[in-house]
Amino acid sequence: MDIIRRYFPELSELQTNQFDALFDLYMDWNSKINLISRKDIENLYERHVLHSLAIAKILRFSDDSQILDIGTGGGFPGIPLAILFPNSKFHLIDSIGKKVRVAENIATAIGLQNLSCKHIRAEEERMMVDFVVSRAVMPLADLVKISKKNIKKKGKNALPNGLICLKGGELEHEILPFKKIACQYELSDFFDEDFFKTKKAVYIPL
């Protein structure tokens with residue numbers, strides 16, 4: 001939890017308590033449903049919570065923004081972002097029902113009021129939002145193709161509406177079709193830990 005406070009010192013007491021509660025909740029659920037590898041669960045705050053919050057280093061969502069998390073799994077990046085931005089609305093979807101139920105249960109347990117969860121394929125979701133966020137769920141071209149239909153034309157944030165996704169490794173080939181419009185961010189510019197040396201984020205206005 002200290003790692004979250006270090007990079008986001010402005011957290012309220014409620015937000016701190018909500019982040020603090022995540023470890024025990026994910027440990028418990030992970031023993032029933034394999035969401036996170038056993039080796040990785042010990043690094044929950046660095047590799048999952050803080051990784052999700054990298055999106056907040058690219059854009060601070062304005063109040064009343066609508067954000068769709070495609071392929072949320074157990075709630076990443078949606079749940080950490082919903083804690084950080086209580087005045088924005090987050091909609092978490094995944095094609096695997098049991099993972100959606102975990103995200104929903106965790107959100108309820110920590111009292112998140114600004115989050116909804118739905119078991120649905122991203123191709124079928126018709127909700128209109130300001131931004132789509134995602135964490136290494138599919139190739140960039142597929143993600144753009146699927147999410148374009150969900151992006152509102154009119155924006156209210158510092159960046160035009162679009163897609164922000166978290167990726168790892170070499171992105172040169174994936175980003176090529178979007179080279180003229182995409183912005184690529186090295187997460188090591190935001191966070192000092194070795195884990196982030198190969199991690200990136202991509203923003204594409206849609």
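Is D40 buried or exposed? D40 counts as buried, at 17% relative accessibility; buried means under 20% relative accessible area, exposed over 50%, and partly exposed in between, with a 1.4 Å probe and protein chains only.

The structure is a predicted model, in which local features need pLDDT of at least 70 and side-chain atom pairs count only at pLDDT 80 or more, while totals for chains, interfaces and linings use all residues. Residues are numbered from 1 along each chain as its sequence is written, and side-chain values use heavy atoms, with hydrogens and water left out.

**The sheet**

Helices (H or I, at least four residues) and strands (E, at least two) are DSSP runs, numbered from the N terminus. Two strands pair if DSSP finds at least two bridges between them. Strands of a sheet pair through backbone hydrogen bonds, either parallel or antiparallel.

Here seven strands form an open sheet with mixed pairing, in the order 3-2-1-4-5-7-6. Strand 3 and strand 6 are the edge strands, each pairing on one side only. From one strand to the next, the twist averages 20°. For such angles, axes are lines fitted to C-alpha atoms, for helices over the stretch in contact, and angles run from 0 to 180 degrees between N-to-C directions.

Strand 4 (residues 131–135) and strand 5 (residues 162–168) run parallel and are joined by five bridges. In this pair, V132 stands opposite L163 of strand 5. Helix 4 (residues 44–58) packs on the sheet and touches strand 4, strand 5, strand 6 and strand 7; contact means heavy atoms within 4.5 Å. The direction of helix 4 makes about 140° with that of strand 5. Helix 6 (residues 97–109) also packs on the sheet, touching strand 2 (89–94) and strand 3, and its direction makes about 165° with that of strand 3.

L115 lies in strand 3, which spans residues 115–119. L115 is buried, with a relative accessible area of 17%. Leaving aside residues up to four places away in sequence, L115 touches G78, I79, A82, F90, L92 and A107. The C-alpha atoms of L115 and Q66 are separated by 10.0 Å, and the two residues are 49 residues apart along the chain.

**Salt bridges**

A salt bridge is a side-chain nitrogen of Lys or Arg within 4 Å of a carboxyl oxygen of Asp or Glu. The whole structure holds 11 salt bridges, including these:

| E193 | R6 | 2.8 Å |

E193 counts as buried at 13% relative accessibility. E174 is partly exposed, with a relative accessible area of 25%, whereas K167 is buried, at 8%. Salt bridges with shared partners join D40, E46 and R47 into one network.

**Backbone details in loops**

The peptide bond from F76 to P77 is cis, with omega near 5°. P77 lies in the loop between strand 1 (66–70) and helix 5 (78–84). D64, found in the loop between helix 4 and strand 1, has a positive phi of about 70° although it is not a glycine. A136 is a residue other than glycine with a positive phi, near 50°. A136 sits in the loop between strand 4 and helix 7 (140–147) and is exposed, with a relative accessible area of 54%.
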